[in-house]
Structure formats: structure tokens, C-alpha cells
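User: I would like to go through this model one question at a time. Please give the rule behind each term when it first comes up.

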Amino acid sequence: MGIVVTIAMLFGLIVLRPTPWRHEPEATVALPMVVFSAFLLCVCGLWNVGYGVLHLTTFWGWAALLSGATMVTAAAVIFLFHGQAARVTFTWVDIIKPWITGLLAGFFLLYSVTLIQLNLGYPIIG
């Protein structure tokens with residue numbers, strides 16, 4: 001399941017990514033990609049929250065709980081950010097988006113590095 005969660009995080013980062021080299025608005029991501037990414041983030045995030053609640057005595061239980069909450073919040077941010085077609089004001093979504101993107105990137109790194117370590121036979125955290 002770690003691979004699926006990591007891929008879900010990657011899809012979320014693709015939609016939420018900051019792109020300083022593009023001049024068009026970030027809301028130009030294709031709608032099917034937005035919906036698929038948000039749905040995948042929400043489902044995997046809820047699964048992670050459930051796993052985390054059941055395993056709060058371990059490092060990976062806390063990592064799952066926190067990453068799952070971040071994934072569900074990222075899904076909400078994706079829906080809200082891309083759902084505002086005629087935005088003219090600065091909203092709380094604009095404030096929280098960079099923080100959620102950073103947290104999601106951090107959890108993506110944690111999960112992907114751990115998966116690589118597992119496949120190479122190295123010890124992992126926890």
C-alpha cells in the first residue's frame with residue numbers, strides 16, 4: 001500500500017506544484033487530472049488516517065496519520081483552488097496551499113526513500 005500512497009502523493013504534487021517557469025495560471029491543469037488526483041489523494045489519505053489511528057504506538061502509525069491528514073487537506077485544497085473560476089480576492093486557500101504542498105512533498109520524500117531502502121535491503125526508520 002505504500003507504493004499506492006506514494007503515487008497518490010506524486011499525483012497531488014503534480015497538480016499542486018509551484019511552477020515559476022510557466023506564465024499561465026496554475027488552474028490550467030486538465031480537469032480530469034485535477035479530479036483524479038484529488039480523488040486518489042482523498043481515498044489514500046483516509047486509508048492512511050485509519051491505519052495511523054490503529055497504530056499510534058509506532059513511528060509509521062504517526063507518519064500515516066499525519067500524511068493522511070495532509071493528503072485529505074491537499075485534496076480539499078485542489079478542489080477549492082481549481083473550483084474558483086473567477087477568483088479576484090486572496091483567500092485562505094492561497095495561504096495554506098504552499099504549506100500543504102511542502103508537507104506533501106516532505107511525506108512523499110519520506111515514503112519514496114523508505115521504499116527505495118526496502119527494495120535495496122537497507123534498514124528503515126521505525
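User: What is the relative accessible area of Phe 36, and what class does that give?
Analyst: This is a predicted model, so local features need pLDDT of at least 70 and side-chain atom pairs pLDDT of 80 or more, while totals for chains, interfaces and linings use all residues. Residues are numbered from 1 along each chain as its sequence is written, and side-chain values use heavy atoms, without hydrogens and water. With a 1.4 Å probe and protein chains only, buried means under 20% relative accessible area, exposed over 50%, and partly exposed in between. Phe 36 has a value of 40%, which makes the residue partly exposed.

User: How many helices and strands does the protein have?
Analyst: Both are DSSP runs numbered from the N terminus, with at least four residues of H or I for a helix and at least two of E for a strand. Along the sequence, the pattern reads α-α-α-α. The count is 0 strands and 4 helices.

User: How many aromatic pairs are there?
Analyst: Rings of Phe, Tyr and Trp (its six-membered ring) pair if their centres lie within 6.5 Å; planes under 30 degrees apart are stacked, over 60 edge-to-face, and the rest tilted. By this rule, the number of aromatic pairs is 4.

User: What kind of pair do Phe 11 and Phe 36 form?
Analyst: Their ring centres are 5.3 Å apart, and the planes stand at 85 degrees. The pair joins distant parts of the chain, since Phe 11 is in helix α1 and Phe 36 in helix α2, 25 residues apart. Phe 11 is partly exposed, at 24% relative accessible area. The pair is edge-to-face.

User: Is the pair of Trp 47 and Tyr 51 stacked or edge-to-face?
Analyst: Trp 47 and Tyr 51 are 4 residues apart in helix α2, so about one helical turn separates them. Trp 47 is partly exposed at 41% relative accessibility, and Tyr 51 is partly exposed at 31%. With 5.6 Å centre to centre and 10 degrees between the planes, the pair is stacked.

User: What is the volume of the largest pocket, and which residues are closest to its centre?
Analyst: A pocket is an open set of points on a 1 Å grid over the protein atoms alone, where a 1.4 Å probe fits, with protein on both sides within 12 Å along at least five of seven lines; lining residues have an atom within 4 Å of a point. Its volume, the space filled by probe spheres set on the points, is about 230 Å³. Of the 13 lining residues, the closest to the centre are Met 1, Gly 2, Tyr 51, Trp 60 and Tyr 111.

User: Which helix supplies the largest share of the lining of the largest pocket?
Analyst: At least two lining residues come from each of α1 (2–16), α2 (31–54), α3 (59–83) and α4 (92–120). By class, the lining has 10 nonpolar, 3 polar and no charged residues. The largest share is 4 residues, and the helix is α4.

User: How far apart are the C-alpha atoms of Leu 104 and Thr 73?
Analyst: Leu 104 lies in helix α4 and is buried, with a relative accessible area of 0%. Thr 73 is 31 residues away along the chain, yet the C-alpha separation is 9.8 Å.

User: How far apart in space are Thr 6 and Leu 109?
Analyst: Thr 6 is in helix α1 and counts as buried at 7% relative accessibility. Thr 6 and Leu 109 are 103 residues apart in sequence, but C-alpha to C-alpha the distance is 8.7 Å.

User: Which residue has the backbone oxygen that the side chain of Thr 114 reaches?
Analyst: Thr 114 is in helix α4 and is buried, with a relative accessible area of 7%. At 2.7 Å, its side chain reaches the backbone oxygen of Leu 110.

Definitions and conventions:
Nonpolar A, V, L, I, M, F, W, Y, C, P; charged D, E, K, R; others polar. Polar contact = N/O pair within 3.5 Å; in protein donor to acceptor, adjacent residues only side chain to side chain.
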